[in-house]
Amino acid sequence: MRLSRYFLPVLKEDPKEAQIVSHRLMLRAGMIKQQAAGIYSWLPLGYKVLKRIEQIVHEEQQRAGHVPLLMPTLQSADLWRESGRYDDYGEEMLRIKDRHKRDLLYGPTNEEMITDIFRSNVSSYKDLPLTLYHIQWKFRDEIRPRFGVMRGREFLMKDGYNFDLTKEDALHAYNRHLVSYLRTYERMGLQAIPMRADGGPIGGDYTHEFLVLAETGESEVFYDSQITDLTFGDRQINYDSVEECQAVLEEFTSRYARTDETHDEAVFAQIPEERRRTARGIEVGQIFYFGTKYSEPMGATVVGPDGNRVPVHMGSHGIGVSRLLGAIIEANHDDKGIIWPEGVTPFHVGIVNLKQGDVSTDSACEAIYNELRTRGMDPLYDDRDERAGAKFATMDLIGLPWRITVGPRGLANNKVELTDRRSGESQELSPQEAVERLSKIYQPIFALSAPTA
Ligand code: 5CA
């Protein structure tokens with residue numbers, strides 16, 4: 001993309017309404033625009049990151065064997081009357097009447113609808129196990145929408161639902177989700193720690209929240225510091241293997257890590273004092289096993305091996321896709337702006353032309369731009385007629401992990417500058433070497449992508 005043709009409305013001043021750094025930087029970098037409390041337009045740069053995050057979520061869901069579909073945002077109230085949640089959900093649910101005075105609602109989650117799809121189409125245990133998921137907008141009329149996309153009213157969520165014959169099978173689905181979530185967040189450059197949590201309005205006895213540690217997080221968390229040493233890395237997991245998934249769950253949940261809802265001071269006190277941590281965290285996902293809570297009242301049953309009909313065991317599993325942008329920025333920024341992890345960056349590298357209009361500088365930039373694209377990279381070329389300082393400030397603000405600076409003085413010696421946004425370190429390289437270097441950095445990241453449906 002050429003910046004002269006892009007739409008990047010960056011702000012020079014700090015917006016007054018933003019209380020936390022991610023909200024401030026998203027507004028300043030021209031990523032979002034508020035349209036009403038907790039409701040945002042996604043401007044091109046924000047939209048691009050949102051799509052990158054969605055893509056990683058899709059790839060990791062499908063790697064784990066989960067099947068994508070798409071359900072609508074509006075739902076019939078009648079479905080929610082069947083589960084009893086129409087009355088239970090309270091004021092967070094946005095209730096709507098259509099022209100025929102029928103009750104609709106803007107979905108805050110989809111347990112009822114997916115159960116309805118299941119009961120209409122599946123009747124034998126032979127079709128199990130099954131996990132369906134979608135990435136769709138949700139609406140929750142939060143009392144205090146705040147911190148930008150972090151606590152929105154309209155927000156994008158990946159929600160997945162497993163259907164299994166037995167509790168054991170459903171617990172394997174639970175473990176499988178935990179494993180795939182660890183891999184998903186790591187690909188985004190995040191450490192998200194699974195912590196014992198509370199079921200809330202979704203219900204269920206088994207539930208873990210995934211938390212990214214950050215001072216601005218809304219949840220209070222308590223953990224054994226040893227848990228932060230764990231990384232998922234590039235292990236190859238067979239998602240069908242009960243033992244392998246169980247082993248990962250045990251590894252990542254055996255140390256104390258709980259949100260304030262389930263915190264137990266007596267158990268916490270048994271951890272050696274130097275390892276006890278109290279901190280704040282951003283909840284970027286939650287997994288639940290709730291058995292037959294929805295399948296029983298809604299009649300989602302299958303004929304089992306013995307010929308009898310039994311309600312299926314279910315769980316649901318959510319990732320806060322739009323919230324993740326805020327969480328990633330909270331964990332990756334400095335006083336100049338955002339620092340995107342390479343896995344989610346909107347553009348892989350920025351090209352800064354120091355002398356726009358100079359024939360040899362322009363053509364060197366064009367050649368680098370084209371070569372990067374040929375190698376599968378997505379560069380942002382700042383081809384505007386602006387001062388170098390302004391171009392650098394924009395690149396630093398929007399946080400591309402790499403920058404190639406091209407000017408006549410360097411080109412006289414066949415050199416450009418390759419700068420690492422995180423460390424600030426620069427190297428003089430030939431244009432060809434700079435492209436090679438970037439190619440080496442991004443190839444392993446591209447290799448993590450799996451084919452998706
Ligand atoms: N049905 C289940 C799982 S599919 C569910 O709704 N779970 S949830 O309530 O925990 O939401 C899943 C994730 O959505 C949360 O972990 C959080 O990351 C995100 N989320 C929830 N509320 C908001 C909100 N108001 N703004 C942005 N993200 C949110």
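In this predicted model, the side chains of D103 and R81 form a salt bridge, with a nitrogen-to-oxygen distance of 2.7 Å. The two partners come from distant parts of the chain, 22 residues apart: D103 belongs to strand β6 (residues 103–106), whereas R81 belongs to helix α3 (residues 77–83). D103 has a relative accessible area of 22% and is therefore classed as partly exposed. R81, at 40% relative accessibility, is likewise partly exposed.

A second salt bridge joins D116 to R119, whose closest N and O atoms are 2.9 Å apart. D116 is partly exposed at 24%, and R119 is partly exposed at 26%.

A further pair connects two loops. R151 and E218 form a salt bridge in which the closest N and O atoms are 2.9 Å apart. R151 is found in the loop between β7 (130–139) and β8 (154–164), and E218 in the loop between β10 (206–213) and β11, so this contact ties together parts of the chain that are 67 residues apart in sequence. R151 has a relative accessible area of 21%, which means that it is partly exposed. E218 also counts as partly exposed, at 27% relative accessibility.

Salt bridges also occur in a linked arrangement: E59, E60, R63, R183 and R187 form a network of such contacts. For the model, the count of salt bridges comes to 30.

Attention may now turn to charge at the surface. D198, E220, D260 and E261 gather there in a patch of negative charge. One of these residues, E220, is located in strand β11, which spans residues 219–224. Membership of such a patch requires over 30% relative accessible area and no salt bridge. E220 has a relative accessible area of 31% and is therefore partly exposed.

Finally, the chain may be set against its database annotation. In an unreviewed entry, UniProt lists residues 38–341 as "domain: Aminoacyl-transfer RNA synthetases class-II family profile".

Notes. Residues are numbered from 1 along each chain as its sequence is written. This is a predicted model: local features need pLDDT of at least 70, side-chain atom pairs count only at pLDDT 80 or more; totals for chains, interfaces and linings use all residues. Side-chain values use heavy atoms; hydrogens and water are left out. Patches are made of residues with over 30% relative accessible area and no salt bridge: like charges are joined within 9 Å, nonpolar side chains (Val, Leu, Ile, Met, Phe, Trp, Tyr) within 5 Å. Accessible areas come from the Shrake-Rupley method with a 1.4 Å probe; for residues, only the protein chains shown count as cover. A salt bridge is a side-chain nitrogen of Lys or Arg within 4 Å of a carboxyl oxygen of Asp or Glu. Lys and Arg count as positive and Asp and Glu as negative; His and the chain ends are not counted. The place of a charge is taken as NZ of Lys, CZ of Arg, CG of Asp or CD of Glu. Helices (H or I, at least four residues) and strands (E, at least two) are DSSP runs, numbered from the N terminus. Buried means under 20% relative accessible area, exposed over 50%, partly exposed in between (1.4 Å probe, protein chains only). UniProt positions are given in the numbering used here, feature names are shortened, and annotations may be inferred rather than shown by experiment.
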